[in-house]
2 protein chains.
Amino acid sequence: MSDYDELSAAAARIQLAAIDAFAEGGYQGTSTRQITKRLNMSATAMYPHFRSKEELLFAIALDGHHGLLARMRGVDDPERTCTERIGAVVRAFVEWQAEYHKLAKVVQFELNGLTPPHFRTIARIRRQTSDIISDIVRKGQAAGEFEVDDPDDVVLAISSLCVDVCRWFPSRRHKDPRRLGDVYASLVERMVR
Amino acid sequence: MSDYDELSAAAARIQLAAIDAFAEGGYQGTSTRQITKRLNMSATAMYPHFRSKEELLFAIALDGHHGLLARMRGVDDPERTCTERIGAVVRAFVEWQAEYHKLAKVVQFELNGLTPPHFRTIARIRRQTSDIISDIVRKGQAAGEFEVDDPDDVVLAISSLCVDVCRWFPSRRHKDPRRLGDVYASLVERMVR
């Protein structure tokens, strides 16, 4: 392992510990010390990797939002029908929120801990995510494949439905991200057709 | 004002200050001192009203959940069609989440701060809320008015859609709880018909 690899392995461990801590106690309710304590590390050992708790939250938010965006882009095939496309994208969104529900909780509910410039960076990635949904809904409407009153409201409702998964997943009833993805994809298809 | 009225007016002021504080900094991230400081009150002045921060959270959660349940019951008229009923109930749910978005945030996202017995009390009220939706969806399905694959999944999605409103409301686009209630009611009607 090079020095660089060791450094980034330590940073990854800190990030994972922070995700657990923030998901359980909230960003505001968690101190740097509480995070490093989970790793039997002194608080000062964090600073070569993240200069502050906010830098750590930003790194988590950045990775999380990029991960979700990549996953949704990866499944969206413009050659397919808009019905197939919206189904694939919703399935990917729901599965991601369910699989990484702790990370998603931090990514979705703790953004008010970010500095304004960091928040703006994250908001730009969020917009790209919702643009994927928006693009499909508008194309489907223009092609007469979808019947929607207001595309923006539909995009809002679809995003909202997917985001909320991380608040309650897993439940007694739903433990399988893929099954939940299928269920939500078919409910969303009904909303647009 | 009797002594009793003065006591309960003070308790109400503390509850309101706590809702603001919890909605902004999270339950775990807020100290009793930070709440009472908002009222220029000493921390010990809270104890005749609420014995702990958790008692305060429980009082807020109890009021909030009872308020939402009463609002939904108040608009549900079993004499009407299931389509009208689900529309009315969703409208009430969304409007409540939007109007009282700070209270709703505490009520929906901070429940893990409760003791297990208090959590169970709140869970019972939450069940009554979702039973209202469930009852309408099942009746609609039995009567052939609704066409749904699995009523439980539909109830979950409807609740989830409504709950998430408090995370983002108000937005640039949506500032009017009633208009949002109409939009979501019509999207939900499409999900069940």
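Arg167(A) is buried in this predicted model, with a relative accessible area of 19%. The side chain of Arg167(A) meets that of Asp164(A) in a salt bridge, with 2.7 Å from N to O. Over all chains, a search of the whole structure finds 34 salt bridges. Across the interface of chain A and chain B, the rule finds eight salt bridges. Chain A superposes on chain B by a rotation of 180 degrees, and the copies meet through the same surface.

**Salt bridges within a chain**

- Asp164(A), the partner of Arg167(A) in a salt bridge, counts as buried because its relative accessibility is 0%.
- Arg167(A) has a relative accessible area of 19%, and it counts as buried because the cut-off for that class is under 20%.
- In chain B, Asp76(B) and Arg85(B) form a salt bridge whose closest N and O atoms are 2.8 Å apart.
- Both Asp76(B) and Arg85(B) are buried, and the relative accessible area of Arg85(B) is 3%.
- Arg85(B) also forms a salt bridge with Asp135(B), where the closest N and O atoms are 3.4 Å apart.
- Because Arg85(B) lies in helix H4 (residues 82-99) of chain B and Asp135(B) in helix H6 (residues 116-142) of chain B, this pair ties together parts that are 50 residues apart in sequence.
- Asp135(B) is partly exposed, with a relative accessible area of 34%, whereas Arg85(B) is buried.

**A network with members from both chains**

- Salt bridges that share partners join six residues named here into one network: Arg138(A), Asp150(A), Asp152(A), Asp153(A), Arg173(B) and Arg179(B).
- A salt bridge is also formed by Arg173(A) and Asp150(B), with the closest N and O atoms 3.2 Å apart.

**The interface of chain A and chain B**

- The rule finds 15 residue pairs in polar contact across this interface, with both residues of each pair at pLDDT 80 or more.
- Several helices of chain A give two or more residues to the side that touches chain B: H1 (3-25), H5 (101-109), H7 (151-163), H8 (165-168) and H9 (177-192).
- Helix H9(A) gives the most to that side of chain A, with nine residues.
- By residue class, the side of chain A that touches chain B divides into 14 nonpolar, eight polar and 13 charged residues.
- In terms of contact, 35 residues of chain A meet 35 residues of chain B.
- The size of an interface is often given as the accessible area lost when the parts come together.
- Between chain A and chain B, the buried area is about 2,700 Å², and carbon and sulfur atoms give 49% of that area.

**Relation of the two copies**

- Two copies of a chain are related by a rotation about an axis and a shift along it.
- Here a rotation of 180 degrees, with 0.0 Å of shift along its axis, superposes chain A on chain B with an RMSD of 0.0 Å.
- The two copies are therefore related as by a two-fold rotation axis.
- Gly29(A) comes closest to this rotation axis of the residues of chain A, with its C-alpha at 1.8 Å.
- The copies meet through the same surface, because 100% of the interface residues of chain A are also interface residues in chain B.

**Backbone features in the loops**

- Most residues other than glycine have a negative phi, and most peptide bonds are trans.
- The peptide bond from Phe169(A) to Pro170(A) is cis, with omega near -10 degrees, and Pro170(A) lies in the loop between H8 and H9 of chain A.
- In chain B, a cis peptide bond joins Phe169(B) and Pro170(B), with omega about -10 degrees.
- Pro170(B) has its place in the loop between helix H8 (165-168) and helix H9 (177-192) of chain B.
- Asn40(A) is not a glycine but has a positive phi of about 50 degrees, and it lies in the loop between helix H2 (32-37) and helix H3 (53-75) of chain A.
- The relative accessible area of Asn40(A) is 75%, so Asn40(A) is exposed.
- Asn40(B) likewise has a positive phi, near 50 degrees, and is found in the loop between helix H2 (32-37) and helix H3 (53-75) of chain B.
- With a relative accessible area of 76%, Asn40(B) is exposed.

Methods:
Residues numbered from 1 in each chain as written. Chains lettered and ligands numbered in written order. Predicted model: local features only at pLDDT ≥ 70, side-chain atom pairs only at ≥ 80, totals over all residues. Heavy atoms only, no water. Contact = heavy atoms within 4.5 Å. Buried area = accessible area lost by both parts, 1.4 Å probe. Salt bridge = Lys/Arg side-chain N within 4 Å of Asp/Glu carboxyl O. Polar contact = N/O pair within 3.5 Å; in protein donor to acceptor, adjacent residues only side chain to side chain. Helix = DSSP H or I, 4+ residues; strand = E, 2+ residues; numbered from the N terminus. Nonpolar A, V, L, I, M, F, W, Y, C, P; charged D, E, K, R; others polar. Least-squares fit on C-alpha atoms with pLDDT ≥ 70 in both. Buried < 20%, exposed > 50% of the residue type's maximum accessible area, 1.4 Å probe, protein only.
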